[in-house]
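Let's walk through this one together, moving from a single side chain out to helices and then to the protein as a whole. Keep the viewer open as you read.

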Amino acid sequence: MLLQFDMADPMRPESHTRAPRSGRLTRWLRLVREPYISLPLSALVLLVLGWMGVLHMIESERSAAIATARASALELINTYEAQVARNLDAIDQTLKVLRYAVELKGAQSAIPTLDAEGLLPPGMVFDVRVADRNGIIVASNPATGHKANISRQDYFTFQRNNPGDDPYVSEVRRDDLNPEPHVHITRRINDAQGNFAGVVMLEVAPAYFTSGYERARQGEHGLLGLVGVDGVFRVRRTGDEVSWGQRPPQLGEGDALAPGSVDGVKRFLNVRKMDGFPLYAVSALSYDEQMATFEQTRRSYLLAAWGGSAALVVIVTLVCIWSWQAGRTRRRIRLAQERYAAASEASLDAFFVMRSVKDEQGRIIDFVLDATNSRAEAMSGIGKDDLIGRTLLSLLPDARESGLFADLVRAERGGGVHEAERQVTIPNVGQGWIHRQVVGVEGGVVCIVRDITERKRNEERILQMAHYDELTGLPNRTLVSQRLEVAIAQAHHDGTTLAVAFIDLDGFKLVNDGLGHQAGDELLRVVSARMRRAVGDDAMLGRFGGDEFVLVLPAVQGVADVDQVLEAVRQSVMQPAMLGEHPVHVSASIGAVLYPNDGGDANTLMMNADAAMYRAKERGSNNVQFYAREMNSSHEEKLKLREGLRGALEAGQFSLVYQPKIDLRTGRIFGVEALARWNHPEHRHVSPARFIPLAEECGMIVQLGEWVMHTACAQNKTWRDAGLPPVTMSVNVSARQFEEKHLVDRVAEALRQSELPPDGLEIEVTESLIMRDLQQAVGRMRELKAMGISLSVDDFGTGYSSLSALKSFPISSLKIDKSFVSDLATSQDDQAIAMAVISLGHKLNLRVIAEGVETEQQCRFLRDNDCDEMQGYLFSRPVGPADFAAMLARTA
């Protein structure tokens, strides 16, 4: 009987239970879809999401505020650490100078001597004292008649019991010599045998180290302070309150959000160990002050969230009442219409729905526009009401000739998708491009049109950028190479001669470095326009890169024909160009080759033209050279030298020679200039005029300059250790080396490794190097000057500096360029320039040195006109270190 039970049997128990369940589920689903049910649920979800978003924004703002506060605290500790480091270094430098003076002249004479030289700090702020080995104050500034005994003070016992050279910073105290609170900073004095001989000390008010406190930046509860390694505050400032002597909880170096770790105030705290001193710099910002803006923002967010929530509840309630009364069918229809309209209107494409019109034979004779969208209205320039009902041929009379009508007929009959691109006139836009897509439907077609004008323009722009130089508008390296290949193929086919010329501007780098890159770019535009006019329309001129150009002359008759064109190019380049108020003169070095005599392919022709151009450079520039086979050997030699330069330092092929500098009044050697020499294993002695430019090109000049600096400093220290009279070592610094951001650190490292005092080194920089970036150059020169290093301007008179710029240079001497010295005996112009430089230097309190002095007449003129110093072959050629040592010993 169970086998005969039918699944649809109404007597089956399951049939009575499933139907009611299914009905209830359907009713619940319908009920949930009702707006007055779904809308409150959606509003609830929106409220939850909104509050989650608000809370997330508050948390993000809090995190951002903490991050900003931490960044401000880090900036504060960096600033405070740098300030304290400068103050401590200045104090320590004073102590070292005082100690040196005491060891050299004795305690009684040291302070007056330094005070007379202006080397002591102001007495209003600092007290300087010297104590002997028994702790008796033997000298002070400001002077005091009371010889106190400090032998029991911690700063004295520390220096007496520690043979090292560490400074000591005491706790704040008052004493008989100075009743005001002060800190002692001391250094040990040793006698000639290295035994303890006393203490030099400097006393300063603790507030001196927190004078940089800014209430506008650090608030009322910020903190600046110095803590000794013993855990005691030397000074602490919060707001206007300055105190000391506190012992805070253990402070770890670094940054932290410390709740009351110093004085009970929660702060963003930073601690830094001071380099070279037993101190920690401490800075902090109040958590409450830093987070005040965030708290205000948080309250605003919460207020806005509560207001928005209330408004949402009111709106949802009103909408639910309205939806209860509205008809569900009407709402669904309207919703569908709105969605359809939104989808249509939001499209970037123009839609044209067209119905075909047929004649009695069933042939399609036209199309009528049934529907469209706003994009179609904008693209056609005709209102939507005027478009609907119009025929295609009345709107576009040339549709048959353009092939559009045929495409529509083909799509209507055969179906499928038909695409095409064409150039048209778009209303309110002008000439443009469209992409047309036609889809066949029953009884007509749908035409989808998109404006692709911008895409086409971008393609053209990319093509232009890929093949033309943006600065000059000339063909670039890629297009030149392509057109040269075509020209070679055409010349081969026609049996004609083709000329290729490589053009390089002489003096362009000087203009670019001296007047700036904008002036250099303008010069390239002017020169390229002149050359383009000079070569005519049949030739192809392209920019190969930098200041290098390539000229292709098709179907030339011979060398004379080519030389005539190239001479016209050279003359056009030589014409002065006005760059602002500056008339600029450049010239051109040109190398030329002929096809097929000088090469059968583009690479060979370009390589040989380049070799010919370098021959033009070697022959004084501003000339034209045609290729000859022996030029390649010179070019290959240069390449070999350039490759050999890379390993020359490691192979020990470089050495230094030294040219003395002579005082013209006494005849004494006072200084020496270090000059690099390259002893090549094949080419023997390579001239600096050859390897210095190569080092600049391949980037070796910085490494070579650093080697020269270290070697020269070490050699000067060797001469001094041998008991020879001290001289100043002059080292030339290249432009690339001077612009390195770590130059000052590298010079300091060279002095440190060689143990040469800073006054034993002089750095020579060229005038044109300084003028490349005047502000940066002067700043870097001042850093070197602050180290105690002398600075000299080399080749003075050959650059572009103005007198207003010159007076800002922190230099000690000017060097007259040898080009003004060589003809001093005969040239009145050079004599006038030399006298002007000497007078200018003396007016600016600078010493003046002339280089390249080779004759007695030159020396006599310089001495008669009060020049201070000279160097040149008249006294000595550059010599090795041993010969210079012997020379220095003879003239001592």
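Methionine 274 sits in the loop that links strand 10 (266-273) to strand 11 (279-286); strands here are DSSP runs of E with at least two residues, helices are runs of H or I with at least four, and both are numbered from the N terminus. A word on ground rules: this is a predicted model, in which local features need pLDDT of at least 70 and side-chain atom pairs count only at pLDDT 80 or more, while totals for chains, interfaces and linings use all residues. Residues are numbered from 1 along each chain as its sequence is written, and side-chain values use heavy atoms, with hydrogens and water left out.

Is methionine 274 buried or exposed? Methionine 274 is buried, at a relative accessible area of 3%; buried means under 20% relative accessible area, exposed means over 50%, and partly exposed lies in between (1.4 Å probe, protein chains only). Leaving aside residues up to four places away in sequence, methionine 274 touches Glu81, Val84, Ala85, Leu88, Leu279 and Ala281, where contact means heavy atoms within 4.5 Å. Take leucine 88: it is 186 residues from methionine 274 along the chain, yet their C-alpha atoms are separated by 9.3 Å.

Now turn to a pair of helices. The axes of helix 15 (residues 477-494) and helix 19 (residues 602-618) come within 10 Å and cross at roughly 110°. Axes are lines fitted to C-alpha atoms, for helices over the stretch in contact, and angles run from 0 to 180 degrees between N-to-C directions. Helix 15 and helix 19 are therefore roughly perpendicular, a label for angles of 65 to 115 degrees. Helix 15 brings Leu484, Glu485 and Ile488 to the contact, and helix 19 brings Ala602, Leu605 and Met606.

Helix 26 (residues 774-786) is worth a look too. Its 13 residues reach 18 Å from first C-alpha to last, close to the 18 Å expected at 1.5 Å a residue; the expected span is 1.5 Å times one less than the number of residues. Buried here are Ala777, Val778, Arg780, Met781 and Leu784. They cover an arc of only 165° around the axis, which puts them on the same side of helix 26; the arc is that of the directions from the helix axis to the C-beta atoms. The face turned away from that buried side carries the exposed residues Gln775 and Ala786.

Zooming out, the protein has 31 helices and 32 strands, and 42% of its 892 residues are buried.

Note on methods. Parallel < 35°, antiparallel > 145°, perpendicular 65-115°, else oblique.
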